[in-house]
Amino acid sequence: MAGQKTADTAETVHTLTLSKSINEGLRRALSDNEKVVLMGEDIGDLGGVFRVTDGLKAEFGPSRVIDTPLAEAGIIGTAVGLAYRGYRPVCEIQFDGFIYPGFDQIVAQVAKLHARTSGDVRMPITIRVPFGGGIGSVEHHSESPEAYFAHTAGLRVVSCSNPQDAYSMLRQAIASDDPVLFFEPKRRYWMKGEVNLEQTPERSLSSARVLTSGTDVTLVTYGPLVPTAMDVAAAAAEDGISVEVIDLRSLQPVDFDAVVASVRVTGRLVVTHEAQRFAGLGAEIAATITERCFEYLEAAPERVTGFDTPYPPAAFEDQFLPDLDRILDAVDRAMGRRNSLSDWRFDG
Amino acid sequence: MLLTHSGEYVQLLTPRGERVDAPGFDPWVADIGSAELRSLYEDMLISRRLDTEATALQRQGEIGLWPPLLGQEAAQVGSAHALRQSDFVFGSYRENAVAYCRGVDLTTMISVWRGNANAGWNPYDISMAAPAIIIGAQSLHAVGYAMGCNFDRSDDISIAYFGDGATSQGDVNEAMVFAASFSAPVIFFCQNNHYAISEPVGVQTTKPIADRAPGFGIPSIRVDGNDVLAVFAATAIAADRARSGNGPTYIEAVTYRMGPHTTSDDPTRYRPEAELEEWRAKDPLDRVKRYLINAGALDDAQLQEIDDHADEVAKDLRAAIRALPEPDPLSFFDTVFAEPNAHLARQRSQHAAYLAAFDGGER
């Protein structure tokens, strides 16, 4: 992730893990705007269970980095009141599966107050959620709840996939006057990359990014599966298949124009995410692209997703999570090459 | 002494209109002379008139729904008058008398019940949040706002209005945890009007509601909610505690909803007539009127003047409905997000094209 070369200096480009880049994004937001406050469980002295907020309480004090009671509705609901007062709260939900007690405050209050008040009240609240599986944890710690929020009018939903985006997108999310669900791929927290701390974000928070150009298949994903998708493109290339990987970055709104532009070239679409398949982001993307690109499609859109089961115990997560081979199989099917799942498509 | 004992309540004005002493509370109403009490009476009467008018407007099909506050005038007017305009109010959908006291524009208030708007007034115009329909959700907002007042080192405070039903909600209980932990300058104002739609308060609790707060570390006051002086005193005490850095206070105003939950329900199915009679005798307006008349501080001419003012407000409410313009059919797309959203803009354009086809388009 090289920054913009013109603005780069040796001091501003660092090799950081994704979690550290989020930490730097929070630090910058706290020092740039005194109305930014962080709220969450264990985010103070402990620095968060993933250490994402490490050192921030010591630097900014307990009324800027607030260790809250163990109450998710309370965290989000008090953030609403702080937003009424002119603050820009950044809430941390400790794990994806813990967000549900705060669900009402998010979907009925945070999401709707701008519309309910005809735009008089703004809810510039960022809700950070470490999400997804692959860390061998116990239940309620590996979920992908993004579709619930993408389905709710008034929320922006984003997911970062690399340290530079994590830094830039977080700062954009905090600066946004709309509420943003910020999904952090927890199994990539330790992934390193170059981060330019001074770089002006090169694209809007709602735009997708084409990571590799390709002419045969458009592979759409976001968050934790982006590195996997890159591996798929490399493996497919060895097989003579040219895959264009799109990192959606924004899940609400989806940058459909970017996907449409790609599918008009490739004629084939594969969408992959960790979340369950039914009524997931993949379904929405497949449906919209079918509507907008029907005459360009050479094959039916393929989805490679988690299964419609609860996230399984850690011993099974390799089965549940889309991996290189499952996605490559879908690419093959899109290319008209037969494999074990080909017959299921026509079987009802 | 602030904390009242279980089951007791503070009363300064009996249903017969007699002023009784309440040590600890009297000093807080020492400034309320006849003129001020007349003004409280006037606001209560106007609130009642607004209620009657709005109920009639619903029956005439001018508005879709109305949640009457009949019987709760003292609880709302008394508490609202103990606040500063710079304090911030977080209410449910029944705090229309509070909104009136804070100077709400009647046109925007009625637009909600006409179905033209979701929340009506601009919260920053009257320092009162959008009404909350999800029960108890606003209590957390009030606490967050109060935390912000603390962070700002301001002596502004906030108040959360909710009903007895809301005390069962997790949000209200979490709000008390946050308020106590952060010593937030917030007033929890529970109007125990005895019914959550049809469910009597006994379904929510078997103890006085005010007893719950001390367990959270929050002192509470149980007050006769039909006694505007007692409500004013309790709220003034709570506001002063909050402003001087002593954190939250919980007030249970014991009152009674004389009307239905909304114009849609039928209280005769769940509420005994004898109970209604019992509460009719405790009417919040009658006792103030009797007291003032007995004190020689309210004569027929003044009563007429107050009535005329109430008529005027009711007339304004009716006129406000007629003044409401038909909303732009596409405007509901426009304020979903503060920032442009390409996906929604596309959907709006598609619907605009569909609508345009009706105006001489080919359909």
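**Close-up 1. A salt bridge links B:Asp152 and A:Lys35.** In this predicted model, the closest N and O atoms of B:Asp152 and A:Lys35 lie 3.3 Å apart. Between chain B and chain A, the count of salt bridges comes to 4. Polar contacts join the two chains as well: 21 residue pairs across the interface, with both partners at pLDDT 80 or more.

**Close-up 2. Several elements of chain B make up the side that touches chain A.** Look here for β1 (88–90), α5 (123–126), α6 (137–151), α7 (170–181) and α13 (342–356) of chain B, each of which gives two or more residues to that side. The largest share, 10 residues, belongs to α6(B). By residue class, this side of chain B holds 24 nonpolar, 11 polar and 6 charged residues.

**Close-up 3. Chain B and chain A bury about 3,500 Å² between them.** Carbon and sulfur atoms give 59% of that area. Three residues deserve a moment of your time: B:His141, B:Phe151 and B:Phe178 supply 16% of the area that chain B buries against chain A, more than any other three residues. The contact draws 41 residues from chain B and 46 residues from chain A.

**Close-up 4. Residues 1–6 of chain A have pLDDT under 50.** For this stretch of chain A, the model has 11 contacts beyond four places in sequence. A friendly caution applies: where pLDDT is low, predicted coordinates should not be read in detail. Chain A as a whole averages a pLDDT of 95, and 96% of its residues score at least 70.

Note on methods. Residues are numbered from 1 along each chain as its sequence is written. Chains are lettered from A and ligands numbered from 1 in the order in which they are written. This is a predicted model: local features need pLDDT of at least 70, side-chain atom pairs count only at pLDDT 80 or more; totals for chains, interfaces and linings use all residues. Side-chain values use heavy atoms; hydrogens and water are left out. Contact means heavy atoms within 4.5 Å. Buried area is the accessible area (1.4 Å probe) that two parts lose on being put together, summed over both. A salt bridge is a side-chain nitrogen of Lys or Arg within 4 Å of a carboxyl oxygen of Asp or Glu. A polar contact is a pair of N or O atoms within 3.5 Å; within protein, one must be able to donate a hydrogen and the other to accept it, and residues adjacent in sequence count only if both atoms are side-chain atoms. Helices (H or I, at least four residues) and strands (E, at least two) are DSSP runs, numbered from the N terminus. Ala, Val, Leu, Ile, Met, Phe, Trp, Tyr, Cys and Pro count as nonpolar, Asp, Glu, Lys and Arg as charged, and the others, Gly among them, as polar. pLDDT is the predictor's confidence in each residue, from 0 to 100.
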